Amino acid sequence: MKILKFGIVGCGAIAPVHARAVNNNRHAVLTACCDCLVEKANVFAEKYHCQSYQNYADFLASDIDIVVIATPHYLHKEMTIHALQADKHVICEKPMGLTTAEANEVMAVVEKTGKNYAVCFQNRFNLSFLMLRELIEQKRFGKLKGLKCELTWNRNREYYQSAQWKGKIALEGGGVLINQALHTLDAISWLYQQPVCVKGKIMTSILSDQIEVEDSAMATALLSDKTPITIFATNNYSSDPSPLITFDFEESIVEVTMEALLINNKTVELTKVTKEANKKNIWGNGHQGVIDAFVQEILSPNSKSNSTLAKGDGRNALSLMEGIYQSNQTNQWAEVFAYSFNEAYTK
């Protein structure tokens, strides 16, 4: 039986979620980890029974087949490209890069090397999302009249003090939009359709003395037929409820969160999901789905690619995010670009 060897770079909070998902797949095993902090890497390696590395080049020179990139945002593009060029397949935590330009560079190397690549938009694998996408494709609800996206989480002073890169424009690329709400922005295009334009505003309020990035954002986007999408995201709430997306269809009101799907206020029964231990609920249960689909794609190269994995279309969330940032600066509508699943890169 073929066993794929995984390595994780970045041994922070999300790394254990990937480690458990890898070791839960019978065709995969975690054999290496890497972190610039040697003690952090060693502790992680001891817990998950793998080899630790401090140097990324040495890590890439090992016999791993797949690299999982779980480092700060500003390292995603560079580390992804280096891994692809080292003949490794790559799963990268979101975002693909700080900008769509960086993401385009990544996709150009993906095309050149022919290696498998995915960005970790794990919410696509939530049962609520999968069922809703199927129902929408079946045209169960009639015409869409409007779409509402709400994310209200808490990211306090301690959160930003926990890592030097958080809250810095050059290192994080932005605030609530690129870090917390990017999954919701991705869900808009994956569940339904990418908007063609957006007008929005961002602000920094409670932690304006500490962070350079926005802690709140609001925007209105338009689909090609002028259907409005309202977007609200903030890190200033008191807790972390599941992000809510509401579809106002002609025949139904549909609400979806990471755990639930409601049609006209009635909860749709979903298959039971075993939640992972020691994992934040806000991360959802989709990481296992990402790992499993990625492994299957490598082991069955002649089969149809799993469109639930985010590839070229992973740039749609970045494009919508950039549109909001651009509109905030110009106070004008900004164009939003659509990328398809199979589209390698934009010249």
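A cavity here is a set of grid points where a 1.4 Å probe fits but cannot get out. With that in mind, this is a predicted model, and searching the whole structure turns up two cavities of 30 Å³ or more. There's also open space to look at: the largest pocket comes in at about 1100 Å³. The fold includes an open sheet of six strands.

**The largest cavity**
- Its volume is about 60 Å³.
- The residues around the largest cavity are Asn-123, Phe-129, His-183, Thr-184, Ala-187, Pro-243, Ile-245, Val-256, Thr-257 and Met-258.
- Helix α10 (residues 182–191) gives the largest share of that lining, with three residues.
- Sorted by class, the largest cavity is lined by six nonpolar and four polar residues, with no charged ones.

**The largest pocket**
- At about 1100 Å³, the largest pocket is lined by 45 residues, and the closest to its centre are Ala-13, Ala-70, Thr-71, Trp-165 and Lys-166.

- At the edges sit β3 (51–53) and β6 (117–120), each pairing on one side only.
- From one strand to the next, the twist averages 25 degrees.
- Strands β4 (residues 66–69) and β5 (residues 89–93) pair over four bridges in the parallel sense, and Val-67 stands opposite Val-90 in β5.
- Helix α1 (residues 15–23) lies across β1 (4–9), β2 (28–34), β4, β5 and β6, and runs at about 150 degrees to β2.

Technical notes. Residues numbered from 1 in each chain as written. Predicted model: local features only at pLDDT ≥ 70, side-chain atom pairs only at ≥ 80, totals over all residues. Heavy atoms only, no water. 1 Å grid on protein atoms, 1.4 Å probe; cavity = no way out; pocket = protein on both sides within 12 Å on 5 of 7 lines; lining within 4 Å. Points joined across faces, edges and corners; volume = space filled by probe spheres on them. Helix = DSSP H or I, 4+ residues; strand = E, 2+ residues; numbered from the N terminus. Nonpolar A, V, L, I, M, F, W, Y, C, P; charged D, E, K, R; others polar. Pairing = 2+ DSSP bridges. Axes fitted to C-alpha atoms, helices over the stretch in contact; angles between N-to-C directions. Contact = heavy atoms within 4.5 Å.
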